[in-house]
Amino acid sequence: MRRSPVCLWAVASLTAGACSSIGSTLEPGSRDAGPSDAGMVIEAPAPPAGCVPDRPETFVMTNAQYNATVRDLLGDVSAPADGFEPDQVDQRGFLVPQEMPSDTKRAQFEASADALAMTAAGQLGKLLPCDPAITGADQCLQQFIASFALRAFRRPPTPDQIASLQAVAQTAQGSLENAAQAVIAAALKSPHFYRIEYELPADRPLALDDYQVASRLSYFIYSSMPDAELFAAAAAGQLQESPQILSQARRMMADDKRLSGLTAIVDPWLNLRALSQRAAAADTSPEQALIYRSMREETVRFVEGIVFGGGGVRDLLRATSTWLNQPVAEIYGVTGISGADFQPATLDGRVRSGLLTSASLLTLSSLPDRTSISHRGTFFVDRLFCWALPAAPGPAPAAPQPNPGETPRQALERAVSVAPMCGACHSVIDPFGFALDSFDPTGRFRATLNGLPIDTSGHLGFGAIGSFRDIIELAEALASQPAVSDCIANHWVAATVPGLWLNNHGLKEPDDCVSQSLRASSPSDSLESLVERIVTSFGFRRHSCGNYSCFPRL
């Protein structure tokens, strides 16, 4: 069973020094000052002379990327990866990238390749680049091998790869359809298909080539393979300059496929995949599974509306316009909405404020049967400030129980007051939990708990937040904090290369060339401009090299 790192008593034996740096970590004053200009392309410093890339970056596709890629490659919407072994994630829901698939997943790739190829052969006309009645079957097959390998491997195939696929086609018996089916199956079984690869040529240049930039751009925005326009731009050598990349990114962000890429960012950032796992659990009723799926979809739709509607960090934290169906409308106390379909709605701005009061995050930041002030607080500090509590060095004592007439908050404050070693952390995490204590474990509003009034006031001593009365005042203060916008930027950069992390997540050291190019943004900038800054940053189109990296090595 997963032990939560966010319970108060999981850090009871930490020294005060373990959290002594949290103020400086979250203090926006340490952030480099710079102009805010959403249209500006900011280049990070060039690497030192003689910097040579030392290894390729290669990652097995996530299940979502696999589904999206076979959809765009073959027109197959069966989502075969839904039945695959789950992606590996750490205890906090962040993806753990794999350079090679497990034996189980490799077998699933191979079985899926055979099934997908059989289906594709039955509608081969959609995939052929030629008419066999005009060119002849043999010539059309050769054209198909070249064009399909280019799209499946997302780069021009080598002569050896073409020869290998031609040999596979020759062993197939009978028709063009049989030969094409064998070629498709062989290509989909190749690691060059199911791994996203940024291989190093023999001369090991620092810059990614045009096809590699196309893949990085498409898997960031689409969470899928490049489309026809990206392939054409790569073939023409038009993906090396920032304005060229920016033009493609803006075009792609107007495409409906952008939702796949956004979901790939939002799922790990907010740990929404945990709701999907709860919905799929064997002991979850169909009714509760629908609630979990609806919570997740509402949050994704909310973020989509903010990002692609020109909104920024302030809107993520303060907006009350969202999309609801009946299951989540009932949680929010909104009437007049029935059925499973989503429709636009406005929440009560007196008690609701953006992501902070979303049913999904309030559920995920609760214990299974009750709320926990420290559990909730640490979840939001982690996701909004990119700061994680140290692991507990020993067994966690039992949580404090309220005395008669005492609220859970009063019991917590009493316990912390006699444990000075805990104060540094709890002075930061608990105020978030105080402000959100007026919501039950599923996100329903409540004014009392166990018959006692809930005190949602608190004080945060870092930044310019200070004292607040409730979650509305806290959200308003957070919306202007550069530390929050920096953290959100880190989550988005992490989605560019699987496993990349920039700040206190135990995977990588801070990456100066990326963070410098993003820190000129401000909380008032749009999130679309954040995407533009990421794709035009120096690191986006560079390999890692030695001790200098624009995207750190794995």
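This is a predicted model: local features need pLDDT of at least 70, side-chain atom pairs count only at pLDDT 80 or more; totals for chains, interfaces and linings use all residues.
Local features need pLDDT of at least 70, side-chain atom pairs count only at pLDDT 80 or more, and totals for chains, interfaces and linings use all residues. Residues are numbered from 1 along each chain as its sequence is written, and side-chain values use heavy atoms, with hydrogens and water left out.

**View 1. The disulfide of C130 and C140.** A disulfide is a pair of cysteine sulfur atoms within 2.5 Å. The count comes to two disulfides. In this one, the sulfur atoms of C130 and C140 are 2.0 Å apart. The link is right-handed, with 100° about the S-S bond. C130 sits in the loop between α3 (103-121) and α4 (132-135), and C140 in helix α5 (residues 137-153), ten residues apart. Helices are DSSP runs (H or I, at least four residues), numbered from the N terminus. Both C130 and C140 are buried. Buried means under 20% relative accessible area, exposed over 50%, and partly exposed in between (1.4 Å probe, protein chains only).

**View 2. The disulfide of C386 and C487.** Here the sulfur atoms lie 2.1 Å apart. The link is right-handed, at 90° about the S-S bond. C386 is in the loop between α18 (373-385) and α19 (408-417) and C487 is in helix α22 (residues 482-494), so the pair ties together parts 101 residues apart in sequence. C386 is buried, at 0% relative accessible area. C487 is buried too, at 2%.

**View 3. C422 and its closest cysteine sulfur.** That sulfur belongs to C425, 7.9 Å away, too far for a bond. C422 is buried, at 2% relative accessibility.

**View 4. Aromatic pairs, including F84 with F109.** Rings of Phe, Tyr and Trp (its six-membered ring) pair if their centres lie within 6.5 Å; planes under 30 degrees apart count as stacked, over 60 as edge-to-face and the rest as tilted. The count is ten aromatic pairs. The centres of F84 and F109 are 5.6 Å apart and their planes stand at 80°, so this pair is edge-to-face. F84 and F109 are both buried. Y66, F84, F109, F193 and Y194 form one aromatic cluster.

**View 5. Charges over rings.** A charge sits over a ring if NZ of Lys or CZ of Arg is within 6 Å of the ring centre and within 35 degrees of the ring normal. R258 lies over the face of F308, 4.0 Å from the ring centre. R409 places its charged end over the ring of F434, 3.7 Å from the centre.

Definitions and conventions:
Helices (H or I, at least four residues) and strands (E, at least two) are DSSP runs, numbered from the N terminus.
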